[in-house]
Amino acid sequence: MESASELVAFPLLPTPIESNYRACTIPYRFPSDNPRKPTPTEIAWIDLFLNSIPSFKKRAESDASVNDAPAKAETFAQRYSEILEDLKKDPESHGGPPDCLLLCRLREQILRELGFRDIFKKVKDEENAKAITLFENVVDLNDAIEDEGKRVENLIRGIFAGNIFDLGSAQLAEVFSKDGMSFLASCQNLVPRPWVIDDLDTFKLKWSKKPWKKAVIFVDNSGADVILGILPFARELLRRGTQVVLAANDMPSINDVTYPELIEILAKLKDNHGKLKGLDLQIFSLPIPVMICRLLILQACHKSLPTWPVMQT
């Protein structure tokens with residue numbers, strides 16, 4: 001996505017970054033694959049983005065900030081569908097071969113060209129407002145857990161439950177439009193351990209030792225995800241003396257929380273003394289962190305590290 005701020009290479013990546021780092025970790029294709037023929041993985045991802053077009057079109061149609069939004073939403077749907085079908089025929093078209101980053105970038109580019117800056121703004125504001133009312137209760141429930149290992153596990157489960165609020169998924173967007181999403185219900189309905197990839201016990205062991213000096217958390221969605229999942233976890237790190245940096249998009253993309261929105265959320269959560277449930281918070285932007293972090297958290301599987309505007313708390 002385009003950025004309004006100066007782009008800075010993530011300092012922990014091996015250099016030169018161009019040859020040592022690939023933002024997408026999924027192997028969409030291998031050197032032996034025919035460059036003119038899409039792979040099954042590429043087809044699957046293209047179809048995933050095709051299926052999401054109706055929900056994006058519906059959001060765009062209701063964007064009151066854009067003149068003639070319904071007609072422009074239809075144009076978006078047609079253009080993006082054509083591009084995705086082109087990529088099925090020729091994976092090297094439109095800047096391909098396709099991966100998640102390219103498919104997102106093309107979608108956002110079309111929306112921007114048609115005047116849509118943030119088609120999820122309304123639902124983000126609504127979900128942020130709901131989550132803010134629940135924040136204190138979620139934090140109190142976590143604080144009441146005396147066993148440190150159980151408290152950490154509960155915080156991690158909260159991150160998983162909050163991350164379900166991802167309207168980039170066509171299936172989740174449909175569920176949300178029908179029934180909404182409950183953070184507490186999501187917590188209760190999480191798949192029991194062991195998970196497919198389950199390193200929680202290792203993480204809890206490291207947590208029980210010396211606190212990390214600095215942690216960087218790349219946040220994802222608005223609403224329950226960041227407010228009820230990430231912020232209680234970040235607060236727990238702060239209680240242990242860890243300096244916490246929240247890294248967020250500076251431009252809107254799907255229902256991801258943006259840097260300006262994150263500042264607004266924290267301002268609403270702090271009390272009259274400028275504290276977040278008893279903890280001092282300083283908020284300011286930095287082009288890069290002032291020191292190397294010891295704990296790096298990528299909340300969503302599609303997050304990447306080539307550049308990063310950040311918020312320090």
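His94 is partly exposed, with a relative accessible area of 35%; here buried stands for under 20% relative accessible area, exposed for over 50%, and partly exposed for values in between (1.4 Å probe, protein chains only). The residue is placed in the loop between helix 3 and helix 4, where helices (H or I, at least four residues) and strands (E, at least two) are DSSP runs numbered from the N terminus. Although His94 is not a glycine, its phi is positive, at about 55°. The structure is a predicted model, in which local features need pLDDT of at least 70, side-chain atom pairs count only at pLDDT 80 or more, and totals for chains, interfaces and linings use all residues. Residues are numbered from 1 along each chain as its sequence is written, and side-chain values use heavy atoms, with hydrogens and water left out.

The loop between helix 3 and helix 4 also holds Pro97. The peptide bond leading from Gly96 to Pro97 is cis, with omega near 15°. A cis peptide bond also joins Arg193 and Pro194, with omega about 0°; Pro194 is found in the loop between helix 8 (183–188) and helix 9 (200–207).

Across the whole structure, 24 salt bridges are found, a salt bridge being a side-chain nitrogen of Lys or Arg within 4 Å of a carboxyl oxygen of Asp or Glu. One of them pairs the side chains of Arg36 and Asp90 (3.4 Å, N to O). Arg36 lies in the loop between helix 1 (17–20) and helix 2 (40–61), and Asp90 in the loop between helix 3 (69–89) and helix 4, so this pair ties together parts that are 54 residues apart in sequence. Arg36 also meets Glu92 in a salt bridge (3.1 Å, N to O). This second pair links distant parts of the chain, 56 residues apart, with Glu92 in the loop between helix 3 and helix 4. Glu92 is partly exposed, at 39% relative accessible area.

In helix 5 (residues 121–143), Glu126 and Lys122 are four residues apart, or about one helical turn. The two form a salt bridge, with the closest N and O atoms 2.6 Å apart. Glu126 is partly exposed, at 36%, and Lys122 is exposed, at 61%.

Two cavities of 30 Å³ or more are counted. A cavity is a set of points, on a 1 Å grid over the protein atoms alone, where a 1.4 Å probe fits but cannot get out; lining residues have an atom within 4 Å of a point. The largest cavity holds about 70 Å³ of space. Its lining includes Phe56, Glu108, Arg112, Phe120 and Ile254, and helix 4 (residues 100–113) gives the most to this lining, with three residues. Ile254 lies in the loop between strand 2 and helix 11 (259–269). Ile254 is buried, at 12% relative accessibility, and has a positive phi of about 50° although it is not a glycine.

Thr242 is found in the loop between helix 10 (224–239) and strand 2 (243–247). Thr242 is buried, with a relative accessible area of 2%. A polar atom of its side chain lies 2.6 Å from the backbone oxygen of Trp212. In strand 2, Ala247 is buried at 3% relative accessibility. The C-alpha atoms of Ala247 and Leu298 are separated by 9.6 Å, the two residues being 51 residues apart along the chain.

Definitions and conventions: A polar contact is a pair of N or O atoms within 3.5 Å; within protein, one must be able to donate a hydrogen and the other to accept it, and residues adjacent in sequence count only if both atoms are side-chain atoms. On a 1 Å grid over the protein atoms alone, a cavity is a set of points where a 1.4 Å probe fits but cannot get out, and a pocket is an open set with protein on both sides within 12 Å along at least five of seven lines; lining residues have an atom within 4 Å of a point. Grid points are joined across faces, edges and corners, and a volume is the space filled by probe spheres set on the points.
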